[in-house]
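Please open the model in a viewer and keep the selection panel at hand.

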2 protein chains.
Amino acid sequence: MLYNPFCNIVQEDIMSVHLQNVSEAGPFRSCNHDYKVSCETCRLSRICLPLALNSSDLEQLETIIQRGRPLQKNELLYHEGTPFQSIYAVRSGALKGYRTTSDGREQVTGFYLPGEILGMDGISENAHASSARALETAAVCAIPFDSLEKLSAAMPGLQRHLFQLMSREITEDQLLITLLSKNTADERVATLLLSISRRNARRQLSASQFRLPMSRVDIGNYLGLTVETISRVFSRLQKGGVLRVDNKEIEILDQEALQLAANIAA
Amino acid sequence: MLYNPFCNIVQEDIMSVHLQNVSEAGPFRSCNHDYKVSCETCRLSRICLPLALNSSDLEQLETIIQRGRPLQKNELLYHEGTPFQSIYAVRSGALKGYRTTSDGREQVTGFYLPGEILGMDGISENAHASSARALETAAVCAIPFDSLEKLSAAMPGLQRHLFQLMSREITEDQLLITLLSKNTADERVATLLLSISRRNARRQLSASQFRLPMSRVDIGNYLGLTVETISRVFSRLQKGGVLRVDNKEIEILDQEALQLAANIAA
DNA sequence: AGCCTCTCTTGATCTGCATCATGGTACTGG
DNA sequence: CCAGTACCATGATGCAGATCAAGAGAGGCT
């Protein structure tokens, strides 16, 4: 049964829509149910969209943000072709972004952790160019883009911040391009681990001990490698005393060696 | 001798600045010399920044755009770390964007043809994250970003267009990521040729016959392959009757076969 | 013209990662 | 609690493209 995660009451009218149309059956129809979180009390506000806003501006932003029930593991947030309406901020959990190639394979283009923004690829064509799927139970805030646009025309700080967010996405994609084009399997994996470590640290979590939210398949897909190679690299790094790997649980034992293994590519 | 390409008069004060600081010695200091081009008469206006503007808005945009003498082949427009001031529109010629890895190698991240915009990666950190270099003699319009920001707060169409431009850059980078991660050498080369062909067609040039502005080295670098491989792929496609290759001069003999070779990946 | 340098082509060999194959381990649903 | 199904690890083998090597054009400078 389909229902709207932004309201945990089953909505009758959804039952009749075409199942494949995520935009109509999907998670982000506006509804009045409130999940009792606000940007002001959210401990991610320092690194998330509100970052650059004073409290009166924040109040305005608050009025347009939609919050809903968490997405379940493997649940789709949007997919390629979904009419573009909102960008999304991760409140908890993790998601992957990916696009499907013409021959049906999947290319993971990014992982999104709490405090990070996704969905901006949909702006240019008014439809999402990629898909986003929850890697684990994940709470997400939807920010309707037309409202955000109007708001940002009036709030220079917000406008600037949005430009910066998109610009950052571009530079990060370029780093990934470089990684894929120039680095060995070991360097790619090490770079990803360091990236996740850094992003954890940014939200006051341990930089040296964490649980990977994604599978080896997703890691391999993201890094342009096969699962087997990912497994081997993990084993190698573990044997070398750089990591302790227990399934998805990672401990970085030798930060410096890992940095070296990454070849400081990023 | 250093001089400002946006004014073909040598500027005294430039002589004293530090040579490595592109932002001060660089090509885009404002000056009053006019190269007698306007967006209104520019035949690229249909595909360039003015795309979404009415004529009164265009007039306003016109007032902030800086035009200068063409860049020579191999001349640098900006490089990594250059304080971010403007984004740029290509008026003629071609440029490559690239970033330098920690070990000094170069990763080409894109080619920019007439009517295309570059430099948006600088917004997030207020400094360019990549470099841009002319592949041949190239004329470029500089659009100071702070002026553009102010203008776009007042002109919703312009703001939207900027968001769209950046979003397009993101989706294009994601396509390149997919290409690098999933496709064979033949597919990558074929995809690039089709991309250039399409972009030529957009500006009313032949889609089947054109001159590549970039070297084999740059192509290989961009596609994550070696020069030798690029050469071999060109030879192979020529032997197969798909292309006629004469150095940088390309003729697409069998569009359909090329599309097939690209595996419709993009 | 003639020299030099840079770019491109083609061949021979090598190698990092893919692919194939197999077994182990950990969730998940009945 | 057990069966079924992901997910993960590790070994054996193959191959696309890198690397090494050598020459051929093409363009720029005196």
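Predicted model: local features only at pLDDT ≥ 70, side-chain atom pairs only at ≥ 80, totals over all residues.

The stops below treat the pair of chains, their contact, a pair of helices and the surface beside a DNA strand.

**The two chains**

Chain A is superposed on chain B by a rotation of 180° with 0.0 Å of shift along the axis, at an RMSD of 0.0 Å. The two copies are thus related as by a two-fold rotation axis. To locate that axis from chain A, select Ala153(A): its C-alpha is the nearest in the chain, at 2.2 Å from the axis.

**The contact between chains A and B**

Next, select the residues at which the chains meet; chain A contributes 38 residues and chain B contributes 38 residues. On the chain A side, colour strand S5 (106-112), helix H3 (145-154) and helix H4 (156-182), each of which supplies at least two residues. H4(A) provides the largest share of this side, with 19 residues. The side of chain A that touches chain B comprises 13 nonpolar, 15 polar and 10 charged residues. Why can the copies be said to meet through the same surface? The reason is that 100% of the interface residues of chain A are also interface residues in chain B.

**Helices H5 and H7 of chain A**

Now select residues 185-202 of chain A, which form helix H5, together with H7(A). Two packed helices are described by the angle between their axes and the distance between the axes. Here the axes come within 10 Å and cross at roughly 75°, which means that H5(A) is roughly perpendicular to H7(A). Show the side chains of Ala185(A), Asp186(A) and Val189(A) in H5(A), and of Thr229(A), Ile230(A) and Val233(A) in H7(A), where the two helices meet. By class, this contact has 4 nonpolar, 1 polar and 1 charged residues.

**The surface near DNA strand D**

Finally, select DNA strand D and the 18 residues that surround it. H7(A), already seen in contact with H5(A), contributes the largest share here, namely 5 residues. Colouring by class divides the residues of the surface near DNA strand D into 5 nonpolar, 8 polar and 5 charged.

Conventions: Residues numbered from 1 in each chain as written. Chains lettered and ligands numbered in written order. Near = placed C-beta within 6 Å. Helix = DSSP H or I, 4+ residues; strand = E, 2+ residues; numbered from the N terminus. Nonpolar A, V, L, I, M, F, W, Y, C, P; charged D, E, K, R; others polar. Contact = placed C-beta atoms within 7 Å. Axes fitted to C-alpha atoms, helices over the stretch in contact; angles between N-to-C directions. Parallel < 35°, antiparallel > 145°, perpendicular 65-115°, else oblique. Least-squares fit on C-alpha atoms with pLDDT ≥ 70 in both.
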